[in-house]
Amino acid sequence: MFTGFMVNAWLVATVVAVVAGVVGFFVVLRGSSFAAHAVPNAAFAGAAGANLIGASSVGGLLVFAIAGALGISLLSRRGRRDVATALAMVVMLALGALFLSFSTQYASETYSLLFGEVLGVSSSELLPTAVLAVVAVAAVVLLWRLLLLTSIDPELADARGVRASHVELAFLVIVAVVTSMSVPVVGALLIFSLMIGPPAAARSFAADPSVAVLLAVCFSLATIWSAIAVSYLTTLPIGFFVGALGAAFYLAGRAHAVWSGKRVGSSGVRASRVVTAFDDQGARR
Amino acid sequence: MGGFWSHVVEPGFFQSQTVQVALLVGGVVAAISGVVGVFAVLRGQSFAGHAFGDISAAGGAGAFLLNISPLFGFLGMSLVAAGCMEAIGVRRVRGRDVATGVVLGAGLGTSALFLYFNTTLHSTSGAAISVLFGSLFVISSSTVPAVVASAAGALAIVLLLYRPLLLSSVGDDIAASRGVAVRVTGAVFLLAMAATVALAAITIGAILSTALLVGPAATALRMTKRPGTAAASAAAIGVAATWLGCLLAYDSYYWPPVDHGWPVSFCIVAVILISYLVVEVARSHRLRNASARAGSADQTTAAAPHPGVPSHGGPDALGASRTD
């Protein structure tokens, strides 16, 4: 389990889990689950297109994931965010269907792009994955305060002259970067599961944002490590275990929240208190 | 003239039985998705609407595995997902999308498992593609009556709930104060939406089910703020987009690359996106003109209600619909 090609799988999966935990915390905090689902779907179309023209699949993933993020951001300037996300996603998926119809022999590769293929990680993918991971984490660290502020108190952010739509676009591009590095391992359909279940659980257990991010990383590492191990032993698809464990973590977090008498979603409270300390207007709900 | 039309409608379009079934089933599903979609958009449940499409595909894969009718697989899985979402609190705006996402993630995981079993046991590696992407042109005509009947059921539920749904789409507090059972209304609507999307997913694929649920509804709500008109327009736009898309896909056998049709789902989504963008551009143009006129006119005309400007009335004027 820990030899040969599996070493690559463990390395890449570990990097993916760390980044998914960090970025996933903000996905949950900002209520961006739909976008986190839509962007990987868009990226999937890119892999199909890259395959068609013989380009590198990571390149196709990255280009289409970022195009999806831009599409969501553009469309949501003029309407509801969930509608914009849905429209951008179906357009990208329709393009994917078009590309797939033009290429032949692609069925099994499609399955592994959608649901992940832990055995398919080659040494040549290690470097791009590492680079993209560093870029994504660095961007989150740089934007840390802005991301927190616009998530927790949009009105205060607005009053301070922060352009929420710019922050949202930057965040979606970060999600796109995470997606591009993760799709070959966990698959387009399940990366968002990793970005939601463990971080949502982490928010129920920890109020402080930094602690919650660390906890989210731990939970997503636990999810992906056990998913790989069980997937290796049983040959069942890794995506199933990621989805199931993500849901299990979420339920554990909900149970903890109920048991300790907290309302779910109140874990932003402490951060919110920090932010509202500056806000004497009392205009907030 | 005849030459022109034979290029617009390539020969054999209306004679082909495949096309007839596609037009019929696609039209029925598009009309109902449009009506249900208006409420999905107003209530901010587009994500849930999309999730049902992906999750019901897992039911389809499961039904294939168990050798039962795919219709039951799609419908059953979708309704179970709706129950799960309702149970873990999808009705609260806060945390709703996480709850939806977790159910979707679990459903997709199940889908991975079932498709894997299908691939290994039945060696059908193309199952993933056909389940997810679907095609209007591969519907068997035997499933048509069941699909139409279930669709009519879902539509009847939504029409029965019309008024309470509208009220609770404006605001749960307003609805509750007028005696609407908000919780029950929301739950029943979620089930009706789950059924509608599952029917769409089995007949036209998961991509198109989302496209037809959200696209025409969002376009219609850009055109009018009256919910009844919006529902009717959404149904009309959905049916028109589906039929035009079918026509384009049929014609595309004569487009490059030659002898290889373009996917019907791509054609329909393209029509939906273009209609949305056209309406959006027209609307922003009209609003700009209106505000320019209002700026030059005196106070009384500026205060007069303009058809394009949302008024903050009761449930009949949903301009200021709830934002999540």
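Q: Which residues in α4(B) meet which ones in α10(B)?
A: This is a predicted model. In it, Pro70(B), Leu71(B), Phe74(B), Leu75(B), Ser78(B), Leu79(B), Ala81(B), Ala82(B), Met85(B) and Glu86(B) of α4(B) meet Ala187(B), Leu190(B), Leu191(B), Ala194(B), Ala195(B), Val197(B), Ala198(B), Ala201(B) and Ile202(B) of α10(B).

Q: And what classes of residue are in that contact of α4(B) with α10(B)?
A: There are 17 nonpolar residues, one polar and one charged in the contact of α4(B) with α10(B).

Q: At what angle do the axes of those two helices cross?
A: Roughly 150 degrees, and the axes come within 8 Å. Here α4(B) covers residues 70–87 and α10(B) covers residues 182–204.

Q: Does that make α4(B) roughly parallel or roughly antiparallel to α10(B)?
A: Roughly antiparallel, because the angle between α4(B) and α10(B) is over 145 degrees.

Q: Is the crossing left-handed or right-handed?
A: For α4(B) and α10(B), right-handed.

Q: OK, zooming out. How many helices and strands are there in chain B?
A: Chain B has 14 helices and zero strands.

Q: How much of chain B is buried?
A: Buried residues are 50% of its 324 residues. As for contacts in chain B between residues at least 6 apart in sequence, 72% of them join residues at least 24 apart.

Q: What about Cys246(B), where is that?
A: Cys246(B) sits in helix α12 of chain B, residues 227–251.

Q: Is Cys246(B) buried or exposed?
A: Buried, because 22 other C-beta atoms lie within 10 Å of Cys246(B), and the cut-off for buried is 20 or more.

Q: How far apart are Cys246(B) and Gln20(B)?
A: They are 226 residues apart in sequence, while their C-alpha atoms are 10 Å apart in space.

Q: Switching to chain A. How many helices and strands there?
A: Chain A has 12 helices and zero strands. Of its 285 residues, 58% count as buried. Among contacts in chain A with a separation of 6 or more, 77% come from residues 24 or more positions apart.

Q: How do α2(A) and α4(A) pack?
A: Their axes are 8 Å apart, at an angle of about 20 degrees. That is under 35 degrees, so α2(A) and α4(A) are roughly parallel. The crossing of α2(A) past α4(A) is left-handed.

Q: Which residues make the contact?
A: From α2(A), the residues include Phe34(A), Ala38(A), Asn41(A), Phe44(A), Gly49(A) and Leu52(A). From α4(A), they include Asp82(A), Thr85(A), Met89(A), Met92(A), Gly96(A) and Phe99(A). By class, this contact of α2(A) with α4(A) has 16 nonpolar, four polar and one charged residues.

Q: How many residues of chain A are in contact with chain B?
A: 47 residues of chain A are in contact with 45 residues of chain B.

Q: Which helix of chain A gives the most to that side?
A: α4(A), with 13 residues. The helices of chain A that each supply at least two residues to the side touching chain B are α2 (33–53), α4 (81–102), α5 (107–115), α9 (191–205) and α11 (238–259).

Q: What is the split by class on the side of chain A that touches chain B?
A: The residues there divide into 30 nonpolar, 13 polar and four charged.

Q: Where does α6 of chain A bend?
A: Helix α6(A), residues 126–152, bends by about 65 degrees at Leu143(A). Buried residues in α6(A) include Val140(A), Leu147(A), Leu148(A) and Leu149(A).

Q: What is the phi of Thr235(A)?
A: Positive, about 65 degrees, although Thr235(A) is not a glycine. Most residues other than glycine have a negative phi. Thr235(A) is in the loop between α10 and α11 of chain A.

Q: Buried or exposed, Thr235(A)?
A: Exposed, because Thr235(A) has 10 C-beta neighbours inside 10 Å, and 12 or fewer counts as exposed.

Q: Last one: what does Val217(A) touch?
A: Val217(A) touches Val18(A), Gly21(A) and Val22(A), leaving aside residues up to four places away in sequence. Val217(A) lies in helix α10 of chain A, residues 209–234. With 21 C-beta neighbours inside 10 Å, Val217(A) counts as buried. Its C-alpha atom is separated by 20 Å from that of Val7(A), which is 210 residues away along the chain.

Conventions:
Residues numbered from 1 in each chain as written. Chains lettered and ligands numbered in written order. Predicted model: local features only at pLDDT ≥ 70, side-chain atom pairs only at ≥ 80, totals over all residues. Contact = placed C-beta atoms within 7 Å. Helix = DSSP H or I, 4+ residues; strand = E, 2+ residues; numbered from the N terminus. Nonpolar A, V, L, I, M, F, W, Y, C, P; charged D, E, K, R; others polar. Bend = angle between axes of the 7 residues up to and from the residue. Axes fitted to C-alpha atoms, helices over the stretch in contact; angles between N-to-C directions. Parallel < 35°, antiparallel > 145°, perpendicular 65-115°, else oblique. Left-handed = near helix turned anticlockwise from the far one by under 90°.
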